Amino acid sequence: MKQPEKFQLRTETQEGRCIVYVSGELDLEVATQMRAAMAPLVELKDRELSLNLRDLKYIDSTGIGILVSVLKARHANQAPFTVEAIPPTIRKLFDMTGITPFITKQNQEQ
Amino acid sequence: MKATDELIKLQLPASAEYVDLVRVTLYGIAAKMGFSYEEIEDMKVAVSEACNNAVLHAYGNHPTGTTSQAPEEQPRMEVRFIKKQDALSIVVKDEGESFDALAVARQKSPMHGKSIDQLTAGGLGLYLMQALMDQVEVHSDAGTEVVLTKRLVRSEDTV
């Protein structure tokens with residue numbers, strides 16, 4: 001059952017900003033990998049942290065739970081966290097669970 | 001089940017790495033029945049959530065599901081797809097300890113109107129199942145059985 005392309009994560013660091021690109025399926029199977037990858041980035045208080053979902057095909061409640069954990073940790077660190085390029089099928093789940101206003105830039109600036 | 005219903009049954013290890021196999025199977029069955037892309041996406045999420053619960057029960061909340069147990073001793077889950085005239089029911093059954101469905105249901109409507117400090121990372125699974133399916137039943141006897149049903153609205157019926 002090894003599928004190397006099931007889930008991929010790539011981090012791009014720009015000046016003052018760290019962008020994490022995830023692709024494939026973010027579910028229970030890869031939750032440990034995702035949590036481990038995000039843990040050190042959450043602590044970078046002097047940088048904006050963004051998660052780009054452009055190539056994400058699927059997310060489950062475990063994946064949404066990880067976003068909640070990151071959001072709370074960043075909030076505790078008083079550091080910004082946003083999620084960008086959310087595909088429509090995933091956006092629908094975010095709206096349903098109510099996480100959207102917490103992770104989209106537009107609403108944070110209001 | 002009625003005589004006209006058709007049954008497709010999957011028996012698989014209660015392990016996170018098999019949940020995507022259930023999604024692929026669901027896609028094949030639901031597409032053949034004539035469900036829309038959006039309906040299938042909804043069902044994929046709901047069925048995966050039910051399978052996640054089965055995996056988490058089986059492994060006492062250690063989600064990666066790798067154990068040193070012999071294959072015949074590893075926990076298993078069963079997924080039954082019941083094709084009806086006007087609906088698809090998916091039954092996900094595990095052998096783990098029964099979970100308190102009512103306690104989970106009380107965590108519904110997780111983040112609307114809350115502050116960041118009030119958010120919790122868990123408890124979204126059952127909420128999503130109920131939001132995405134037409135009917136959700138949870139039976140807890142020996143293990144837990146979740147029955148998810150989506151009605152099929154055929155275009156010729158809407159004339």
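I call a helix crossing left-handed if the near helix is turned anticlockwise from the far one by less than a right angle, and right-handed if clockwise. With that in hand, I opened this predicted model.

**Entry: the helix pair in chain A**

I looked up α1(A), residues 31-42, and α2(A), residues 61-76, and found that their axes come within 11 Å and cross at roughly 15°. Angles under 35 degrees count as roughly parallel, so I noted α1(A) and α2(A) as roughly parallel to each other. Which hand does the crossing of α1(A) and α2(A) have? I wrote down right-handed. Then I checked who meets whom: from α1(A) the list includes A:M34, A:M38 and A:V42, and from α2(A) it includes A:I66, A:V70 and A:A73. The arginines A:R35 in α1(A) and A:R74 in α2(A) are also among the residues that meet there.

**Entry: chain A as a whole**

I counted five helices and four strands in chain A. Reading from the N terminus, I get the order β-β-α-β-α-β-α-α-α. The radius of gyration is 13 Å, close to the 13 Å of the globule rule for 110 residues, so chain A is as compact as a globular protein of that length. Its C-alpha atoms fill a box of roughly 40 × 30 × 20 Å along the principal axes. I also noted that 38% of the 110 residues count as buried.

**Entry: a strand pair in chain B**

β1(B) pairs with β2(B), residues 76-83, in the antiparallel sense over eight bridges. For B:K9, I found the bridge partner in β2(B) to be B:R80.

Terms used
Residues are numbered from 1 along each chain as its sequence is written. Chains are lettered from A and ligands numbered from 1 in the order in which they are written. This is a predicted model: local features need pLDDT of at least 70, side-chain atom pairs count only at pLDDT 80 or more; totals for chains, interfaces and linings use all residues. Helices (H or I, at least four residues) and strands (E, at least two) are DSSP runs, numbered from the N terminus. The radius of gyration is taken over C-alpha atoms; the globule rule is 2.2 Å times the number of residues to the power 0.38. A residue is buried if 20 or more other C-beta atoms lie within 10 Å of its own, exposed if 12 or fewer, and partly exposed in between; C-beta atoms are placed from the backbone. Two strands pair if DSSP finds at least two bridges between them. Axes are lines fitted to C-alpha atoms, for helices over the stretch in contact, and angles run from 0 to 180 degrees between N-to-C directions. Angles under 35 degrees count as roughly parallel, over 145 as roughly antiparallel, 65 to 115 as roughly perpendicular and the rest as oblique. Two residues are in contact if their C-beta atoms, placed from the backbone, lie within 7 Å.
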